[in-house]
Amino acid sequence: MRPKTIIGIVLLVAFSSLLLMNFGSQVGGYMNFVQAEESGSRAHVIGDWVRDQSFKYDATTNIFSFHMVDEMGNVRQVRYMNPKPPNFEDAERLVVDGYPKGEIFIAEHILVKCPSKYENPDEFNDVPDLTKS
Amino acid sequence: MSTSPAHKWLRGMSAVFMKDLHLELRNRYALNVLLMFVLSSSLVVAFSVGAESVSTRTQAALLWIVITFSASLGLGRTFIAEEERGTVLLLQLNIPGSQIFAGKLLFNTALILSVNIIVLFVLTFLLNTRITDWPLMIATMLLGSIGLAGATTLLSAIVARAASSSALLPVLLLPLLFPLLLSVVHATQNSLPDGLGLNASIDHLVTLFAFAGVVISASVLLFDYVWND
């Protein structure tokens, strides 16, 4: 009874730590395209839309594809299996969440960082600077 | 040779397994229920989807919805049937708990694996899709079945003495299966057309393996407390 309990607990701890570590790696950290292709696993990539390269939405296959440049300057085609996100054109920055597949990045989610509509930066210029006086 | 403890343990396990297999082949209760459930739910899926082309993610999800509910329907029988037939005491007297658990686990794994293969072929035919990465699909089915059977076997032993046992099992089972379903749906999606293939799915397979390991080692630890009053 005693050795069985010990072996059981050791196995339980080993398997659950494997499970937890693996689950953590599936969430995917922030990296650039080259790092994502080297690791081959899920990744978040921050970058900008390359406006002068081709982009299109194919309504029959429901694939939106465009080119994105990451923070290190690597350009890759990104494929998103959904319609184009609203206010995609206004984006200051994009974060794509997905997997690399060869030279193409398959995005499961796209986070579009838009400038806020509710702030007018000019208004703040009139506020007197209270720190100096 | 025949008196070594490992040999004796294996003999006890295979005795329980063969007993369940013979009983199942004689009255085919679980097999009939599962086949009816699988066929009718697959047909419902096929009719409601119609000629629409569904994304591979949805196809994988539909496949595992059918599998999960058929597992919670059919696999719970193992211990509940012992309770109904009044053969629990006989088993408790004759064979140590760990061998009973191993035999039942083996039987449940075999049962759910054969059901999974049927579901897979029926749904790929009805949804008009095909499997592009067979090694990944086989590994996913195998590890998924072991995890599913491991979780269900212990829970059905716990639930067997409750009054409304067959209704209680799915309720307890679903939260436990959450990590399994998450990985298994992704891995299945990767083995369908336009999927990412085996290399991108190693993480999911490791998760499935670890889940099966956690569930089975926890069951081995806990089974004696569940089984002996």
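**Close-up views of a two-chain predicted model**

**View 1. Chain A and its order of elements.** Read from the N terminus, the elements of chain A follow the order α-α-β-β-β-β-β-β, that is, 2 helices and 6 strands. Helices (H or I, at least four residues) and strands (E, at least two) are DSSP runs numbered from the N terminus. The model is predicted: local features need pLDDT of at least 70 and side-chain atom pairs count only at pLDDT 80 or more, whereas totals for chains, interfaces and linings use all residues. Residues are numbered from 1 along each chain as its sequence is written, with chains lettered from A and ligands numbered from 1 in the order in which they are written. Chain A has 133 residues, of which 18% count as buried (20 or more other C-beta atoms within 10 Å of the residue's own, with C-beta atoms placed from the backbone). Among contacts in chain A with a separation of 6 or more, 42% join residues 24 or more positions apart; a contact requires C-beta atoms, placed from the backbone, within 7 Å.

**View 2. Packing of α7(B) against α9(B).** Helix α7 (residues 134–159) and helix α9 (residues 202–227), both of chain B, pack at about 20° with their axes 9 Å apart. Axes are lines fitted to C-alpha atoms over the stretch in contact, and angles run from 0 to 180 degrees between N-to-C directions. The two helices α7(B) and α9(B) are therefore roughly parallel (angles under 35 degrees). Residues making the contact include B:Gly144, B:Gly147 and B:Leu154 of α7(B) and B:Leu208, B:Ala212 and B:Phe223 of α9(B). By class, the contact of α7(B) with α9(B) comprises 18 nonpolar, 5 polar and no charged residues. Here Ala, Val, Leu, Ile, Met, Phe, Trp, Tyr, Cys and Pro count as nonpolar, Asp, Glu, Lys and Arg as charged, and the others, Gly among them, as polar.

**View 3. The largest nonpolar core.** This core has 62 residues, and B:Leu63, B:Val119, B:Leu208, B:Phe211 and B:Ala212 touch the most other members. A nonpolar core is a set of buried Ala, Val, Leu, Ile, Met, Phe, Trp, Tyr and Cys residues joined through C-beta atoms within 7 Å. Elements that each supply at least two residues of this core include α1 (2–27) of chain A and α6 (97–126) of chain B. The largest share, 13 residues, comes from α7(B).

**View 4. Surroundings of B:Val119.** Beyond its neighbours within four places in sequence, B:Val119 is in contact with B:Val38, B:Ser42, B:Leu63, B:Val66 and B:Ile67.

Notes
Angles under 35 degrees count as roughly parallel, over 145 as roughly antiparallel, 65 to 115 as roughly perpendicular and the rest as oblique. Two residues are in contact if their C-beta atoms, placed from the backbone, lie within 7 Å. A residue is buried if 20 or more other C-beta atoms lie within 10 Å of its own, exposed if 12 or fewer, and partly exposed in between; C-beta atoms are placed from the backbone.
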